[in-house]
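Please look over the sequence and the model below before reading on. The briefing is meant for someone meeting this structure for the first time.

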Amino acid sequence: MEERGIIDASNRSHATFDLFIQAPSCEEVMQHFADLCRQLDIDPKDFRNFYTQLKEKLNYWKAKALWSKLDKRASHADYQQGKACTKNKCLVLGAGPCGLRVAIELALLGAQVVVLEKRESFSRNNVLHLWPYTICDLRGLGAKKFYGKFCSGSLDHISIRQLQLILLKVSLLLGVEVNTGVEFQGLIEPSGENGWMAKLQPRSHPASAFQFDVFISAGGGRFVPDGFKHKELRGKLAIGITANFVNGNTAAEAQVAEISGVARIYNQKFFQELLTETGIDLENIVYYKDDTHYFVMTAKKKSLLKKGVIKQDYSDAEQLLAPENVDHEALCHYAHDAAHFSTGGKLSDLEFAQNHANQPDVAMFDFTCMHRAENASLVRERRGRKLLMGLVGDCLVEPFWPLGTGIARGFMAAFDTAWMVRSWGMGVPHFKVLAERESIYQLLSQTTPENTSKNYAAYSINPKTRYQSVNLSSIQPHQVSTDINVSLLVFPFLFVDSVSGFEELLKWCQKHTSGYEDVNIKDFTQSWRSGLALCALIHHFRPKLIDMASLDKSNIVHNNQLAFSVLEKELGIPPVMSPSDLANSEHIDRLSMVLYLTQVRSAFSHHHKRVRCPPTEMCPVLRSAVSLRRSYPEFIGL
């Protein structure tokens, strides 16, 4: 009887594993995973031993084929047998493909990894084009075991939803903790015994107690964590339309040829016929067959206006494509007719698939203005606790969808980020870590299948295995930035000889504010709270800019706002923090004030002869700031 009970339990876990592998939704994946852990009596939070215990307890031939794939990946020398990052705790924001892909690599490095995702389901039908290396990479993670149709024959694409499901399953098996239905609302700085933490909604969620030293944002294109800045890449007006239609998986549908990418310059006859017969004027169109029939096209504004899709013409792209200026029904007809014509009418019953809101899955986007982060990484430090921050996915570089570069470059950045975390975990000086990451980031936008290594099987998180000519030190440690407070970018040499540098800076501030009423500088924290000391410093050098007699020491916010505004407008120095934060925060960050005042001193030293402080005689802190400002004026604040 006892033996039979063991067999029944074993069969039960085998059946649950099959359900987990085949689960078609995020909710079902999470449920079957929880059931499997319970049946095998394994704690999923025991991340360090989870995968090993799972292999030992799930003695199932179907699982063994998957273990061999994952074991092969995990055995790569880069991971140092899962010990490269055993001391690191990583929070990954976003369970999109890039967030999950970097989470997998961090788990293989031995880090504790927690993923936060505000959605509770995966509902994105849009289809991603896969470069050859991404296909090879996903096969190596066992993609075919989870999704039998993965890149069969000549197929080179997959829906976002299916890709997320594959990566979610791999993440869970490797001990990554994935939390859905949790909204990230910001970072909580260290205090008392606590390190860096996240403010979450719901606030009572267990992950809100997680303390981490690595934060990776994969939170989407418009989400940019504090400290990072985005560049706008504005080009000629480009209006993209995506549409997903129900795939009944019939024999007739299977016969319809895909369109891997037709552009007007290569097939003018096709686009002219489309315009003549339907009034639809496109620059390009792509059609992929996956869970849905997926179309992405770039439409001309004139035809969208003529067909009534866009109600009124505006020169501003945001106004032009605002929901109230778009006729959704006309948009559906436009996308339907373009899809029908481009497939020669062979998809006779084109019915829109439903999106997450149970509406026809058709959308129109402005590709005119794309965003990319100015830097891919930074380090924040509070109360002696450092936090390494990195960006992956759309919040690093927004892709132009019709080109199909998004997921390929997204995975490249995920690997590069994992390499950065590996260096961090192995004790490489953090400015060298950042310099190397930024050197690699410079290559990302130029990356194509043609200029990357063709030895896909050898790809790893080490950039040298992927980029054909990568210079990991094209940016030197003295050029990179770290965020010491929101919006203040500073350079590493500002930390050199900080004790003597701080003392000299303090004396300089005291000397040039001596005699001012209600100003008594003793430190880099409380002495500056009222804003009068900063106003006095400005008044000493530029008396016409500040009327000291009009200031009231009790009006803290006004005083700081005035000083910050003058310094930003006149000297180009961004504020150290908001005036209200300076007035209300319990603790003013000493290092942030030091770095801010270093910039003030540097600026006034250059513009006023009354401060006889040539660069050759400056303290190391200021000397470095001056030198870097001359060499790298594009960096903010120096």
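Predicted model: local features only at pLDDT ≥ 70, side-chain atom pairs only at ≥ 80, totals over all residues.

Residues are numbered from 1 along each chain as its sequence is written, and side-chain values use heavy atoms, with hydrogens and water left out.

**The whole chain**
- The protein chain holds 21 helices and 19 strands, which are DSSP runs (helices: H or I, at least four residues; strands: E, at least two) numbered from the N terminus.
- Of its 638 residues, 55% count as buried, a term for under 20% relative accessible area, with exposed being over 50% and partly exposed in between (1.4 Å probe, protein chains only).
- Among contacts (heavy atoms within 4.5 Å) with a separation of 6 or more, 68% join residues 24 or more positions apart.

**A positive patch**
- Lys69, Lys72, Arg139, Lys144 and Lys145 form a patch of positive charge on the surface.
- Helix H4 (61–74) and helix H7 (143–146) are the elements that each give two or more residues to this positive patch.
- Lys144 lies in helix H7 and counts as partly exposed, because its relative accessibility is 38%.

**Leu532**
- Leu532 belongs to helix H17 (residues 532–541) and counts as buried, because its relative accessibility is 5%.
- Beyond its neighbours within four places in sequence, Leu532 is in contact with residues including Asp518, Met548 and Asn559.
- The C-alpha atoms of Leu532 and Asp518, 14 residues apart along the chain, are separated by 7.4 Å.

Methods:
Patch = residues over 30% accessible without salt bridge, like charges linked within 9 Å, V, L, I, M, F, W, Y side chains within 5 Å. Areas by Shrake-Rupley, 256 points an atom, 1.4 Å probe, with all protein chains shown as cover. Salt bridge = Lys/Arg side-chain N within 4 Å of Asp/Glu carboxyl O. Lys, Arg positive; Asp, Glu negative; His and termini not counted. Charge placed at Lys NZ, Arg CZ, Asp CG, Glu CD.
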